[in-house]
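Please read the following report alongside the sequence and the model.

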Amino acid sequence: MGEVGLNAYLMVGAVLFVCGVVCMATKRNGIGVLMGVELVLNGANVNFVAFSRYTSLGLDGQTVALFVIVLAAAEAAVALAIALNFYNNHLTIDVDRGNELQG
Amino acid sequence: MHGLFAALTLEDFIARTISSLTKIPADSDTLLLTAFLAAAFTHAGLLLGLFGGLPVFYIWLERKVAGRIQDRLGPTRVGGGFGWLQTIADGIKLIQKEDLVPKEADALVFRMAPYLATIASFAAFMVLPISDGWIAVAAECGAFLILALMSLEVLGIILAGYSSGSKWALFGAMREAAQMVSYEIPMAICALIPLMIAGSLNFQVIGRMQSGGFWNWFILHDPFTFLAFFCYFTTATASVKRAPFDLAEAESELVAGFHTEYSGFRWSIFFLAEYSSMFAVSAVAAILFLGGWHDGLGIDSVLDSMFRGTGTGIIEGFSLGSYVANVFGAVVLITKACLLVFVQIWVRWTLPRLRIDQVMTTCLKYLVPISCFLFLAAVLWPLTLVTMFSRPVIAGPALGERALSHQTTTSIDASERLGAAR
Amino acid sequence: MIEQLLFYTFAILTCGGAVAVVATQNVVRMAFWLVVSLGSVAALFFLLHADFLGAAQLLIYVGGTVVLLVFGVMLTASGPYTTIKTSPAEGIIGGAVGLMLLMVLVSSIGSVDWGAISGRLPASPESPFTADSIREAHAEESLVNAGSTKAKTDLAAVQQQGRTVRQLGLSFLGLRPDRNLKEGGANGLAPGYFLPFEIVSVHLLVVLIGAAYLARAKRRAVSEDRVSLD
Amino acid sequence: MPETGDILMFLLTVAWLLPLAGFVVEIYWLCFSHRLNKGAAYCAVACIGIGFLCSLSALLYWGNDTHWAALSEPDHHGHAASHDTGHGDAAHGAGGHDHDAHAGDADQHSHDQASEHADAPAKKYYSGTYYELARFGGLRVSLDWYIDSLTLVMFTMVTFIATCIHIFAIGYMHDELTEEYEDHEVHLHNGGHFSRPGRFHRFFAYLSLFSFSMLGIVLSGNIFQVFIFWELVGLSSYLLIGFYIERKSASTAANKAFIMNRVGDFGFLIGMMILWTSFGTFQFGDRTEGAHTEAGLFTMVRGHDGKLDVSEDGKQVYLQDAHGHRAEKNGQPLTISYMLLVAAGLGVFAGSIGKSAQFPLQTWLPDAMEGPTPVSALVHSATMVAAGVYLAARFYPVFTPEVLLGIAYIGCITLFIAATIALVVTDIKRVLAYSTISQLGYMMLAIGVAGWGAALFHLVTHAFFKSLMFLCSGSVIAGCHHVQDMSRMGGLRHKMKITAYTMLVGVIAIAGLAIPGTSIGLSGFYSKDAIVASALAYSELNPGHILLFIAPLVTAGITSFYMFRLWFLTFAGTPRDAHVYENCHENPSVMTTPLLVLAVLAAGCAWGGEGGPLYRLIVDSETVPAAARVASVGAAKVILPSHQGHESDVHHVHSTAGMLALVSAIIGMTLAYLLYVKKTIDPNQIRQQFSGVYDFLVDKWRFDSLYDAMFVAPVHIISAWCVSFDKGVLDPILHSAANLTVLTSKWDRAFDETFVDGLVNLVGTVTYNVGNSLKVIQTGRLRQYVMWIAVGVIVLFGALFTTIPK
């Protein structure tokens with residue numbers, strides 16, 4: 001076990017990010033898609049905080065991470081309202097059913 | 001590395017001891033790790049002992065109080081006339097029970113949910129000070145952290161309710177979710193009022209600011225903190241789903257609510273979590289509003305000065321006076337918390353349960369506006385005083401002066417101790 | 001050593017939880033794993049000396065996840081534990097793309113020399129992370145007043161210890177005590193985040209109203225038909 | 001103690017403005033009362049009656065203030081009068097010889113006199129300014145007042161007659177006091193009659209407005225203000241003629257009156273413009289502003305001695321300043337071209353022609369009889385048409401002898417034409433209307449032959465007896481239930497005694513009858529006598545213009561004939577229409593009382609003739625001394641006769657003229673008696689024998705046809721020509737242009753549709769096809785998009801890694 005460095009945290013962030021993307025890309029459940037978004041945002045947050053810790057940027061990373069958390073909360077609120085509307089219209093939460101914009 | 005591994009004194013002590021015994025250099029990593037682990041486990045054991053013992057006491061207390069209120073005796077058989085071993089007996093019985101998982105249940109989540117709830121409620125003790133300096137994690141944002149940790153408990157309950165595969169449990173879980181999400185808001189705002197007055201999220205600082213007479217307690221700081229205390233206590237009662245807000249269990253409607261399908265040890269763990277949560281919110285109320293570990297009569301300072309200087313030679317950096325004062329403070333804090341828990345028990349057996357819509361109405365239509373108003377008024381109070389009397393408080397030294405004097409004394413104290421340790 | 005141990009524990013929990021979220025089909029289990037993953041991220045934040053951020057992560061994401069759970073249960077409640085399954089082909093394609101993306105990211109991370117880049121950044125007070133500094137900072141368990149004229153090392157120690165609440169708060173008020181641009185200059189503080197903070201506040205209010213509007217109770221078309229039939 | 005002028009101004013202003021107040025009250029009568037209320041009439045009568053009292057007291061005050069100097073013999077009052085007498089003697093001496101030869105002498109003499117008596121004579125008028133409306137450069141537009149004895153007499157006369165007529169109208173308009181007035185003259189398509197709410201209050205409102213306007217003309221101190229009220233009079237007459245607006249004839253008559261008056265007003269405007277450009281002021285009288293005195297129009301033209309200051313060559317007229325000297329500006333004497341002055345005079349007189357219904361604008365007045373009879377009495381006999389004469393008289397100082405000659409001939413023609421038409425008309429009101437035109441012609445003639453005093457004298461007497469006769473005719477019409485045709489009447493004196501005999505007084509007055517051998521007669525005798533005398537004096541001095549004497553003399557006989565014809569046909573003989581006779585009745589006292597009052601005045605107002613008070617009062621305000629014989633220097637070589645004094649030209653011929661006129665009148669009366677009472681001569685036989693003349697007269701000398709041929713037909717022809725030009729030339733050009741445009745547009749459209757649209761459509765089609773082929777990618781699946789994003793990122797990074805070396 002070597003010294004824990006910046007790269008280790010970035011790897012964790014990368015894994016979180018990729019899992020989020022795959023989650024968004026594969027889940028048919030709308031709630032699952034939202035969870036993917038949360039994962040992506042957390043991956044980014046891990047990176048921010050890690051940079052704040054391991055570089056000379058100081059508090060900037062933490063500040064930005066806080067903003068990201070706040071905006072994620074806002075995003076979740078609106079997204080859930082949209083999901084509710086989606087359910088009202090389609091009587092399901094399956095995002096594949098929302099293909100009215102198909103060309 | 002920081003306050004998560006906060007058993008510094010003990011860790012230091014162990015490290016030095018091992019170092020002196022085995023001649024290993026004191027700054028060796030292996031030595032430090034060993035010392036840290038030993039100290040951590042010791043502390044964990046102590047905490048579990050204390051906070052595991054408290055729920056046991058509370059369960060007994062609840063039975064006795066309920067009995068008295070209902071004009072009967074309560075447990076009398078096990079452990080003499082007062083039945084004080086009744087909880088232990090029940091625990092032993094429950095451990096012996098079969099661990100049932102319903103066929104319809106989501107087994108993994110069903111098994112994990114009680115642990116999640118218990119971990120959450122016990123994790124709160126991590127940042128809860130028992131006396132001056134007696135704290136596992138002296139986190140700067142302790143008050144914030146304890147609110148976050150206590151809100152985790154509901155997750156376990158919802159998961160338990162959902163994974164049971166029973167509609168009673170599901171209803172209970174949904175009620176609990178709605179109730180918790182709602183009540184966290186006024187609770188946090190009410191907690192913010194003393195935090196705002198103290199200007200810190202650190203329990204240590206908040207506690208020290210209320211030293212001296214009971215008139216320094218934040219509940220008596222201004223009219224709005226006085227009201228905020230009751231508001232906080234109401235929301236806290238709701239957030240630990242105690243009656244009259246125990247909609248998640250609601251025996252008369254939902255059989256047993258979220259834990260309908262549980263039995264044996266997992267069932268008893270839910271109760272441990274509930275009672276320890278009760279203690280946690282009561283202790284937080286005591287620290288934020290009721291002076292924390294200070295008795296309000298000056299007895300702790302008398303004790304401190306009485307034993308000051310005694311026993312310095314036994315262990316390096318050890319002061320008997322402050323230790324005795326701390327022990328006394330811990331007793332005081334636990335007493336205050338127990339009194340508040342007693343009030344919760346008392347309320348449970350005297351008030352009928354509300355309907356779920358009444359619960360939500362109480363929160364969203366009354367408690368949220370009231371707490372917002374109290375917060376605003378508490379912000380404006382010192383400004384009004386400054387405008388009218390040119391001083392931020394009615395009597396006594398201003399809070400800032402108090403905090404400053406404490407800071408200097410404690411920092412001198414700490415540097416002395418550090419110097420002594422070196 | 002201890003830090004490494006804890007880091008690897010929580011890193012594995014984080015990554016494992018995330019993978020489990022992807023792999024699970026049941027919404028509630030996904031939520032469970034999500035909680036595990038995000039909680040571990042909070043722990044990683046504590047490890048990265050961001051106490052306040054960790055607490056905020058716990059509070060907000062747990063609250064958020066609870067709501068997610070409730071919705072997940074409500075909107076898929078047509079049968080017990082119903083799942084909307086992903087086809088295996090999609091899973092495989094998704095997994096493959098994810099792996100490729102991960103490879104891209106990992107190779108990118110690995111190919112950058114962060115030390116050199118960090119050296120090019122503006123200098124800020126930073127002291128090497130040692131056990132001594134922890135010990136000093138911890139021993140000084142006092143109220144740290146960011147506005148007081150403490151030595152640079154004190155600030156660094158505070159930052160090391162994770163006591164960043166006050167500094168975060170001040171930076172939201174537009175002050176940056178941790179980054180003096182000019183030595184000893186009272187007015188030489190770096191600009192903070194006052195305006196973004198205000199914007200985010202207003203944004204939250206807007207979102208609150210907007211979400212309440214979007215999710216307001218509407219009579220469904222079906223129930224309307226039923227009413228008209230009656 | 002206020003000055004005399006201020007007191008007079010105050011009294012007359014009250015008399016002037018009271019009808020306006022009455023008008024405002026009455027026009028809003030329905031806002032505070034109802035239709036059946038007679039209060040509006042009482043209000044109007046009160047206003048005009050108080051106005052009469054004010055006017056009368058103003059006249060009396062003025063007389064007392066001047067110790068009734070005007071009433072005394074001209075020989076004994078004032079410096080100017082005594083001088084005039086002397087001068088009159090000299091002129092008389094010259095008048096005995098060849099007039100043309102001595103014209104220059106007389107002119108020269110007048111110059112001498114002007115220089116001799118440059119000092120200002122006693123002021124005979126009072127003037128001032130109410131309010132200055134605006135000032136455009138040198139042009140002042142203001143409301144002024146100008147009061148002399150003429151103003152006072154006119155005020156008194158107008159307000160008195162108006163009062164009588166107002167009272168009469170209360171009875172006459174009684175049938176308007178209803179909520180549902182059925183107008184039998186208006187036939188609807190369904191055979192019924194038009195019915196409407198009664199307009200009693202509105203009638204009196206219009207009457208009040210008219211009184212206000214008329215008094216405004218009389219009181220006006222500048223010609224612009226005269227024009228304003230001139231038009232207001234036109235408006236109120238329009239409203240009153242068209243009172244029964246639903247009747248086609250009434251509305252046409254109102255329009256005709258209005259338009260005819262506009263023709264005259266056009267000349268009036270031109271005259272005003274000439275006056276303004278030449279004199280720079282509209283004021284009549286002098287105007288004192290502090291130390292500076294600004295000369296008015298009359299002073300500028302005539303100076304203080306009433307003589308025109310004509311240059312040697314006779315082409316320029318020097319203007320005078322307020323002190324009687326030649327006006328100067330920047331060292332140059334101010335002058336006006338003589339012909340321009342003539343043009344100005346003719347222009348102003350054109351206004352009078354229109355308003356007084358003189359030839360050739362006389363046709364509107366008979367038609368104006370469509371209005372209610374009190375309107376005819378007030379508007380079209382006594383006052384409004386008199387306004388034209390009044391204006392001509394007021395402007396007398398500005399008129400040159402050439403203009404006066406024109407006026408005289410116009411009057412002469414008018415009086416003869418109107419009288420001849422009146423011979424054959426059977427409508428009782430129209431007889432009176434033509435009679436009015438004829439009498440106005442007399443007045444104009446008098447002004448033209450320098451009989452200024454005679455003209456105004458006749459104006460006043462005529463106002464009394466003509467209003468009397470109109471009211472009598474109104475009484476007859478009301479008594480006979482709106483029958484106006486004389487051929488259906490007859491013998492009415494048995495049923496309507498008061499009306500009949502008051503009417504007889506009026507007839508005798510207008511016929512100018514007197515007791516032969518004495519000079520005792522009714523008012524018309526004196527005034528017509530004065531006019532005929534002036535005309536005779538004029539024609540004696542200017543033998544070339546003998547027609548100006550013969551025509552009035554003959555017309556005096558005609559007048560007598562047709563007036564007695566009217567009376568005999570109406571009141572004497574036997575009833576021709578039994579139905580009318582049976583139903584007719586005498587009117588209530590509210591209508592007959594004014595008749596009696598007016599009859600007294602018509603008989604006696606001119607008491608004393610030219611030595612009487614009325615004539616003296618009028619002549620007192622004559623600005624141009626009438627004592628001197630004046631010869632023209634312009635194109636028309638005429639000599640104006642002298643008037644005043646026992647030695648004047650007129651005085652000499654007075655008895656001759658009076659005798660001739662009386663004989664003429666008696667012949668006329670006798671003829672009428674023979675024809676219509678004794679029936680010795682059958683009027684029908686004469687009618688058949690002179691059928692051509694008769695038809696000519698019945699057609700009103702074919703003036704309407706003439707105007708049709710002169711104005712309407714040419715307009716029609718020109719219009720037709722314009723139409724053919726439009727259709728033949730302009731339309732083809734336009735149509736060809738339109739066709740060309742259509743052709744071009746068609747080609748343009750083809751180009752657009754094939755080429756431009758094709759291009760656009762091509763682009764559209766290509767875009768559509770491309771989009772159609774690309775829409776397959778748009779699957780609408782959220783997850784696929786995410787996947788594509790991820791793949792895109794991978795590809796991008798891959799490209800970066802492979803292309804950029806480390």
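Residues are numbered from 1 along each chain as its sequence is written, and chains are lettered from A and ligands numbered from 1 in the order in which they are written. The model is predicted, so that local features need pLDDT of at least 70 and side-chain atom pairs count only at pLDDT 80 or more, whereas totals for chains, interfaces and linings use all residues.

Chain C holds 10 helices and zero strands, where helices (H or I, at least four residues) and strands (E, at least two) are DSSP runs numbered from the N terminus. Of its 230 residues, 37% are buried, that is, have 20 or more other C-beta atoms within 10 Å of their own, with C-beta atoms placed from the backbone.

In the interface, 68 residues of chain C are in contact with 60 residues of chain A, contact meaning that C-beta atoms, placed from the backbone, lie within 7 Å. The helices that each supply at least two residues to this side of chain C include α1 (2–23) and α9 (194–214).

The classes count Ala, Val, Leu, Ile, Met, Phe, Trp, Tyr, Cys and Pro as nonpolar, Asp, Glu, Lys and Arg as charged, and the others, Gly among them, as polar.

| α9(B) with α11(B) | seven residues | two residues | no residues |

In chain B, the axes of α9 (residues 223–239) and α11 (residues 264–289) come within 10 Å and cross at roughly 170°, and these helices are therefore roughly antiparallel (over 145 degrees).

Notes
Two residues are in contact if their C-beta atoms, placed from the backbone, lie within 7 Å. Axes are lines fitted to C-alpha atoms, for helices over the stretch in contact, and angles run from 0 to 180 degrees between N-to-C directions. Angles under 35 degrees count as roughly parallel, over 145 as roughly antiparallel, 65 to 115 as roughly perpendicular and the rest as oblique. A residue is buried if 20 or more other C-beta atoms lie within 10 Å of its own, exposed if 12 or fewer, and partly exposed in between; C-beta atoms are placed from the backbone.
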